[in-house]
Amino acid sequence: MTRPLVANIDIAAMQHNLSVVRNTVPRAKTWAVVKANAYGHGLERSVRAFSDADGFALIEIESAIHLREMGWKKPILLLEGFFYAHELPILARYNIAFAVHCDEQIEMLEKSHLEMPVDVHLKMNTGMNRLGFLPSEYGNALKRLKQIPNVRDISYMTHFANSETKDHPALSVEEQLRRFDSATQGLKGDRNLSNSGAILLHPDIRTDWVRPGIMLYGGSPGGKTAAEYGLKPAMTLKSEIIQIQHIREGESIGYGSIFTATSPMTIGVVACGYADGYPRMAPEGTPVIVDGIRTRLVGRVSMDMITVDLTPVANAHVGSEVTLWGNDLPIDEVAEAAGTVGYELMCALSLRPRIVECW
Ligand SMILES: *Cc1c(COP(=O)(O)O)cnc(C)c1O
């Protein structure tokens, strides 16, 4: 017997979502962002799904090497750059490009005496104040990079803080672009700018490369729903009812007894809990689908189980199919109910659910 919890990964949906990127920004080349195990969907699977992408971008150097070992010949980019000087010869050998965001990295490059060429993406801090050189520091950083033997192509990169909003009052995409454009004016080399939010809400940004992540997996970066953007969910998490409880008025359910029935009710126990990646903070009312009927979570999420209200599901039984998110129940809706984002739910999928692929 196997536990009924299954994460269905839909490769065709991932391919479809990549085509949405292509159609939205037809002139840009695409870095498919596959960090964090392809947002929980599996690195190897993403290589098959996104074989048409122009490159893969990620954070983890081990995974970047794994991509090369799997035979990926097109570009690879480390979005957070490198951390230690000893990584540089490895990056050169595997032809893995990387972001450069601080003086310390440039110093390591200057001292490294690279024997093979590397491609770098010089990152500008245009207001997000996370990684990158300020516009005022950018020219000097570029000059130093250009003097380093074996630094080959230099691209220009920044990241938007509020791309899912049209006109953010604190820091708009337009303002970040204005800073970026004025500091890179006239420079030769590729520009590498837009994440999913910028692709979908600001498709007219002039950029040579885009960096979609969440939209490739069928999640919305914000603004509209994923379906409204024409995206298809890549991950559907399903389980089954493993016991039914008929409780009386005044009885409570689960740890902490945080839910008490105000009338007699039928409760379904579902084999999925926070050790599987279901968010422990999901409150009463978080949507769940049982046998195709939408209902709600009640009681506290425990490590291996949740409990759901079966009042609207007259024929529910042990073995009834339960959808936690995915097809018919957008992950973004579940995330919002739990006070988080679809990104976190995808990445938090644990090793415990069985993975099944479909095309
Ligand atoms: C994760 C990441 C992306 C992808 O962002 P999405 O919102 O998932 O599209 C793009 N660029 C950088 C630098 C990132 O770290």
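User: What percentage of the 359 residues in the protein chain is buried?

Analyst: This is a predicted model, in which local features need pLDDT of at least 70, side-chain atom pairs count only at pLDDT 80 or more, and totals for chains, interfaces and linings use all residues. Residues are numbered from 1 along each chain as its sequence is written, and side-chain values use heavy atoms, with hydrogens and water left out. Buried means under 20% relative accessible area, exposed over 50% and partly exposed in between, with a 1.4 Å probe and protein chains only. For the 359 residues of the protein chain, the buried share is 52%.

User: In what order do the strands of the barrel close?

Analyst: Helices (H or I, at least four residues) and strands (E, at least two) are DSSP runs, numbered from the N terminus; the protein chain has 11 helices and 18 strands. Two strands pair if DSSP finds at least two bridges between them, and E7 (residues 151-157) is joined to E8 (residues 191-194) by 2 bridges. The barrel consists of 8 strands with parallel pairing, in the order E2-E3-E4-E5-E6-E7-E8-E9.

User: Which residue in E8 is the bridge partner of Met-157?

Analyst: Strands E7 and E8 run parallel. The partner of Met-157 in E8 is Asn-192.

User: Which residues touch the most other members of the largest nonpolar core?

Analyst: A nonpolar core is a set of buried Ala, Val, Leu, Ile, Met, Phe, Trp, Tyr and Cys residues joined through side-chain atoms within 4.5 Å. The largest such core holds 107 residues, and those touching the most other members are Phe-50, Phe-98, Tyr-278 and Trp-325.

User: How far is the side chain of Ser-196 from an oxygen atom of the ligand?

Analyst: Residues surrounding the ligand, each with a heavy atom within 4 Å of it, include Lys-35, Tyr-39, His-159, Ser-196 and Arg-211. A polar contact is a pair of N or O atoms within 3.5 Å; a polar side-chain atom of Lys-35 lies 2.7 Å from a ligand oxygen, and one of Tyr-39 lies 2.6 Å from a ligand oxygen. For an N or O atom in the side chain of Ser-196, the distance is 2.5 Å.

User: What percentage of the area that the ligand exposes when taken alone does the protein bury?

Analyst: Accessible areas come from the Shrake-Rupley method with a 1.4 Å probe. Taken alone, the ligand exposes 390 Å². Of that area, the protein buries 92%.

Definitions and conventions. Polar contact = N/O pair within 3.5 Å; in protein donor to acceptor, adjacent residues only side chain to side chain.
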